[in-house]
Every structure is written in structure tokens, then in C-alpha cells.
Amino acid sequence: MAHLSAKAAQTSSEAEAEAFLGALVPLASKLIPRAAGVLARNAPALIRGTSALGRRLRRNPATRKYLTAMPVILQRTAQSLADQASSGRPVSPETAMSTMTRIAGRMFRRAPERNRAMRAVNTFDRRYRRRGRTPAGSPAGARRVRRAGGATQPSRRRRSRR
């Protein structure tokens, strides 16, 4: 999620940024499994809301950097919606949108909270980019494992039998 929001902040195309932000909602449901059902039912409304908020933030060069806080907003929204559903309250698309709007407004009004969220997302994005993203079955990954395995195991001499 952190990497997609960073990509959305860096793109030059509004449509591309909207695509990156729209992909965050299904990822939030995987991140918080107890909210998966609520998010799946309200996904179209949340995707529209995320895209609209992203458009507003992207249009102003001073607020474009705040797009990186979107994963935290969606994560908190998912947790809040899961709490509401578990307490027995019905969660409609309007409820989901008002919850997301309330959480985003609270985050953007309070500078320390916003900055802490942006630092956390930037840390996760940095870790993602630093990590080797080659698939486990790829030859490059296998070479690394062989080199590392060969270097760490001591070589044994064979004794000749006489």
C-alpha cells in the first residue's frame, strides 16, 4: 500500500494516480481480514471516495505530498468499519464514506498525526524498494542462495581409505 501511494504522488497523470489509489482499497481488506466483508460490500463507494480525495490532494502542489498518507487513512477506516459492523451497526456506503471523511479530516487537521503517518508510510515504501523483488523461483534468486550457502558452509576434506 505504501509503495502504491508513493507512486500515486509521483505520477504526472491524474488517471494513473487514480488507478494506484483505487488499488489500495482491496489491499486494505487483505491487511485487515476482519474488515474484508464490510470493505467488499462498500468497495465501490470507498474507491470513489479515495479517488476523489486523491484528486483534491493532487491538484494542489502543496498538498500532493499528503497522498502518501492514504494507506493510513484506509487502514484506520477499515478498522473503524469493522468495529462498527462487529457492534451490530449496519454499515452502508454512506456510513463508509462518512467514516473515511471523518478520519481523513482528523488526520489532515492535526499536523503531528499527519506527519507521523507520512513517516510510517515512507518507511514502509523505503523497505519495499530496498528489498530484492525477484521472485523466489527466479535464477537470480537461486544464484544468491547458492553463493550464500556455499560461503557459509565450511568445506570438508575427504579422507582416503587405505
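This is a predicted model: local features need pLDDT of at least 70, side-chain atom pairs count only at pLDDT 80 or more; totals for chains, interfaces and linings use all residues.
Helix α8 provides five residues to the lining of the largest pocket, the largest share from any element. The pocket holds about 380 Å³ of space. Fifteen residues line it, written 15 in my notes, and those closest to its centre are M1, A2, L31, P71 and F124.

I turn now to the second largest pocket. Its space comes to about 180 Å³. Here α7 gives the largest share of the lining, six residues, and both α5 and α7 supply at least two. The residues that line this pocket are G49, L53, R56, L57, M97, M100, T101, A104, G105 and F108. Six of them are nonpolar, three polar and one charged.

F108 leads us from this pocket to the core. Besides lining the second largest pocket, F108 is one of three residues, with M70 and I73, that touch the most other members of the largest nonpolar core, a set of 36 residues. Helices α1 (2–10), α2 (14–22), α3 (24–31), α4 (36–41), α5 (43–59), α6 (70–86), α7 (93–109) and α8 (111–130) each contribute at least two residues to this core. The largest share, seven residues, belongs to α6.

Which residues does F108 touch, leaving aside those up to four places away in sequence? They are L53, L57, Y66, A69, I73 and R114.

Note on methods:
Residues are numbered from 1 along each chain as its sequence is written. Side-chain values use heavy atoms; hydrogens and water are left out. A nonpolar core is a set of buried Ala, Val, Leu, Ile, Met, Phe, Trp, Tyr and Cys residues joined through side-chain atoms within 4.5 Å. Buried means under 20% relative accessible area, exposed over 50%, partly exposed in between (1.4 Å probe, protein chains only). Helices (H or I, at least four residues) and strands (E, at least two) are DSSP runs, numbered from the N terminus. Contact means heavy atoms within 4.5 Å. On a 1 Å grid over the protein atoms alone, a cavity is a set of points where a 1.4 Å probe fits but cannot get out, and a pocket is an open set with protein on both sides within 12 Å along at least five of seven lines; lining residues have an atom within 4 Å of a point. Grid points are joined across faces, edges and corners, and a volume is the space filled by probe spheres set on the points. Ala, Val, Leu, Ile, Met, Phe, Trp, Tyr, Cys and Pro count as nonpolar, Asp, Glu, Lys and Arg as charged, and the others, Gly among them, as polar.
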